[in-house]
Amino acid sequence: MKCISIGDRKIGDEFPAYIIAEIGINHNGDINIAKQLIDTAVNAGCDAVKFQKRSVDVVYSKEELARPRENPFGSTNGELKRGLEFGTEEYSEIDKYCKKKGIQWFASCWDEASVDFIDQFDVPAYKIASASLTDDELLKYTKAKGKTIILSTGMSTLQEIDHAVEILGKDNLILLHTVSTYPAKYEDINLKAMKTLKDRYDDIPVGYSGHETGIATSSAAVAMGACVIERHITLDRAMWGSDQAASLEPNGLNRLVRDIRLIETAFGSPEIRCLEIEEPVKKKLRRK
């Protein structure tokens, strides 16, 4: 497998897993909550935080935006979607704050204008959500920016993934196995699908984007060879918001990153031999 870079971080089988803390819209439209979530990711030892960016009137139909939906910003779905969107002022602050904290950031862009918007901050990568995997024009537009692309493969067939890979090319692409339910049930996660992706696209790094409530599956994904791990994070799963229940709280994120790094340390060497530190035990316990 060839090595791919996200900024100064190398992605590949011989490198530590790249851990993305997905803030998404869990900031609830509040820049101070966004900063607290960035701090949570930094304190846990994550490599990056990720947001979501949409042009609301492009991504959603007029009918969908007019649909009644009680929320903190009003009584329609449109008021909710607009209330959750950060603009230039907030993203400029996010950019400065992440640089200050020494953590990378980027976003899932749901339309071409959002790609251009995020591009002004010279992010090191772009994420393409599972929902956008079949949006050929968005894929082509994002590829033209010349940055590494991370593509989630939830709710997709192999044929659809083949088509997306054909459009995006293999040079700067990372695939994430995903199950697009929130939260995901363990019996639906199918981690073995990572091997299917690895075998089918043998020169593309493969990782896992999890929406389950615990941490065991994401740790297991690293043990199975995931080069990238992405998990939604929240300050409190009881907070208002559609993605909070499928997110990790600070303590869970801390334990996940700890466990991943311990697993990587334990990988060690394939060589079988008597270790130097085993010699005293060997002398003590063996009869012959």
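Colleague: What volume does the largest pocket have?
Modeller: Bearing in mind that this is a predicted model, the largest pocket comes out with a volume of about 530 Å³. Its lining is made up of 32 residues, and those closest to the centre of the pocket are Q52, R54, W110, Y182 and D243.

Colleague: Which elements give two or more residues to that lining?
Modeller: Those are β4 (48–53), α4 (77–84) and β12 (228–232), and of the elements it is α4 that gives the most to the lining of the largest pocket, with three residues.

Colleague: And how does the lining of the largest pocket split by class?
Modeller: There are 10 nonpolar, 13 polar and nine charged residues in the lining of the largest pocket.

Colleague: What about the second largest pocket, how much space lies in there?
Modeller: The second largest pocket holds about 160 Å³ of space, and its lining includes G12, D13, E14 and F15 along with V222, E264 and F267. By class, that lining has seven nonpolar, two polar and three charged residues.

Colleague: Changing topic to the serine: where is S219 found, and is S219 buried or exposed?
Modeller: S219 is found in helix α11, which covers residues 216–223, and S219 counts as buried because its relative accessible area is 8%, with under 20% being the cut-off for that word.

Colleague: Which residues is S219 in contact with, leaving aside neighbours within four places in sequence?
Modeller: With those neighbours set aside, S219 is in contact with L256, D259, I260 and I263.

Colleague: And how far apart are S219 and S5 in space?
Modeller: C-alpha to C-alpha, S219 and S5 are 22 Å apart, while in sequence 214 residues separate them.

Conventions
Residues numbered from 1 in each chain as written. Predicted model: local features only at pLDDT ≥ 70, side-chain atom pairs only at ≥ 80, totals over all residues. Heavy atoms only, no water. 1 Å grid on protein atoms, 1.4 Å probe; cavity = no way out; pocket = protein on both sides within 12 Å on 5 of 7 lines; lining within 4 Å. Points joined across faces, edges and corners; volume = space filled by probe spheres on them. Helix = DSSP H or I, 4+ residues; strand = E, 2+ residues; numbered from the N terminus. Nonpolar A, V, L, I, M, F, W, Y, C, P; charged D, E, K, R; others polar. Buried < 20%, exposed > 50% of the residue type's maximum accessible area, 1.4 Å probe, protein only. Contact = heavy atoms within 4.5 Å.
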